[in-house]
Amino acid sequence: MSKVRVFTPENRLARAFKDPNGLLYKQALDRASANVAAKRDTYLAALDIKLEALVDRVRQHSAGAASDMLYFLAQDVIADAGVCGLRELSLAAHSLCDLLVSEGRGVSFAAALRVHADALMALRQPDPSGRNNHRAAILAGLARISQKCDP
Amino acid sequence: MAATLDFSARVNLRRASVLVLDRNTQAADVVRQILAGFGVRDVHLADNVDEARKLFSQNTLELLILDPMLEGGFDFLRWARRESSSDNHCIAMIATMGHQTAENVRAARDAGANFIVAKPLAADVLLQRIEWVARESRQFVVAPNYAGPDRRFKNEGPPVGTDGRRADDLSLEAPTASQPNMSQFEVDELFKPQKVAL
């Protein structure tokens, strides 16, 4: 019979939450947000480089080719765009990841991938009209495509 | 689990040492900036598994935050829980993921992560998860196929059609009634809050 050991380990983090001299949560969160905001331009520049690489790869992608790097880049865009406040771009990259997972099951969706690439580029640009309904429509369309492609 | 924070609570992570493993260096830097906001001074960054293994072995850590979606990421998590020679086996380990499919989430849980946090990371969510792992009292399990926090969050009874392995196991399938219905008083008694030792 296999041996299973169950025990209660020391929780080293616990001390940090019992210290009366610590930062108030609000202070901690404000400081964290300020730190991230201070680096937004750097994050945006890195995001644009990855986005360009992602779109280039999607456009060159052929059926049956490995899509690992595409998947990594799309995940990076989810994270980086979201942190920079580009929520729709992050969601579009999420939809692309869904599609790539479907493709990993052996079906090729080259056209759907290209639509996602175009959508990512469009969503990266600010909407001059200031209305969000165009962006929402793009996301709804991408979601429909990903659903359709889910075997 | 509600996503609410008690803003009057306090946290002091000045003495905490944290390892952040992420292939995406921007994402790792975001974690570092957030942790710096929380007061953490000692943050080790790694963008590959080899570097992470070294840092994990050479430092006494309180927390590991990693995105396991890199080459060898899940293996690193399993290694950190089981095979590393450091005394960091039982520390809090939070997995972050951009694309959290059910398969990826299960893999992270089964590799030994305490919690999984979706990217893009939000400071309040990360603080809440760190608070959860700091306050949680889950036991640690070391079994042939798993090492990590106890994964049994809820008791759903033994598999349907089996009697279970314990004397007090109850099946989810209700058997045919063998006694008269309970009175309202008897039903109410069952719902009275009572202290339970878990």
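**Exercise 1. Determine how E7(B) and strand E8 (residues 146-149) of chain B are joined, and identify the partner of Val142(B) in E8(B).**

Solution. Strands, like helices, are DSSP runs numbered from the N terminus (E, at least two residues, for a strand; H or I, at least four, for a helix). Two strands pair if DSSP finds at least two bridges between them. E7(B) and E8(B) run antiparallel and are joined by four bridges. Within E8(B), Ala147(B) is the bridge partner of Val142(B). The two strands form a hairpin, with two residues between them.

The model examined here is predicted: local features require a pLDDT of at least 70 and side-chain atom pairs count only at pLDDT 80 or more, while totals for chains, interfaces and linings use all residues. Residues are numbered from 1 along each chain as its sequence is written, and chains are lettered from A and ligands numbered from 1 in the order in which they are written.

**Exercise 2. Which strand of chain B pairs with E1(A), and in what sense?**

Solution. The strand is E7 (residues 140-143) of chain B, and the pairing with E1(A) is antiparallel over three bridges. In E7(B), Val142(B) is the bridge partner of Arg5(A).

**Exercise 3. Describe the side of chain A that touches chain B.**

Solution. Begin with the count: 43 residues of chain A are in contact with 48 residues of chain B, contact being C-beta atoms, placed from the backbone, that lie within 7 Å. Next, list the elements of chain A that each supply at least two residues: strand E1 (5-7), strand E2 (23-24), helix H1 (25-38), helix H2 (40-60), helix H3 (68-83) and helix H4 (87-104). H1(A) gives the most, with nine residues. Finally, sort this side by residue kind: 24 residues are nonpolar, eleven polar and eight charged. Here Ala, Val, Leu, Ile, Met, Phe, Trp, Tyr, Cys and Pro count as nonpolar, Asp, Glu, Lys and Arg as charged, and the others, Gly among them, as polar.

**Exercise 4. Which residues have the most contacts inside the largest nonpolar core?**

Solution. A nonpolar core is a set of buried Ala, Val, Leu, Ile, Met, Phe, Trp, Tyr and Cys residues joined through C-beta atoms within 7 Å. A residue is buried if 20 or more other C-beta atoms lie within 10 Å of its own, exposed if 12 or fewer, and partly exposed in between, with C-beta atoms placed from the backbone. The largest core has 88 residues, and those with the most contacts inside it are Ala74(A), Val77(A), Ala93(A), Ile34(B) and Leu63(B). H3(A) contributes the largest share, ten residues. Leaving aside neighbours within four places in sequence, Leu63(B) is in contact with Leu13(A), Ala16(B), Val18(B), Ile91(B), Ala92(B) and Ile130(B).

**Exercise 5. Where do the buried residues of helix H4 (residues 102-111) of chain B lie around its axis?**

Solution. The buried residues are Ala107(B), Ala108(B) and Ala111(B). Seen down the axis, they fall within an arc of 95 degrees, so they line one face of H4(B); the arc is that of the directions from the helix axis to the C-beta atoms. The exposed residues Ala102(B) and Arg106(B) are on the face turned away from the buried side of H4(B). The buried residues of H4(B) pack against helix H3 (73-82), strand E5 (92-97) and strand E6 (115-118) of chain B. Just after H4(B), Gly112(B) takes a positive phi of about 120 degrees.

**Exercise 6. Identify the buried residues of H3(B) and what they pack against.**

Solution. The buried residues of H3(B) are Gly73(B), Phe74(B), Phe76(B), Leu77(B), Ala80(B) and Arg81(B). They cover an arc of only 155 degrees around the axis, which puts them on the same side of H3(B). They pack against helix H2 (49-58), strand E4 (63-66), E5, H4 and E8 of chain B.

**Exercise 7. Is Gln100(B) buried, partly exposed or exposed?**

Solution. Gln100(B) lies in the loop between E5 and H4 of chain B. Gln100(B) is partly exposed, because 19 other C-beta atoms lie within 10 Å. Not counting residues up to four places away in sequence, Gln100(B) touches Val105(B), Ile116(B) and Ala118(B).

Conventions: Two residues are in contact if their C-beta atoms, placed from the backbone, lie within 7 Å.
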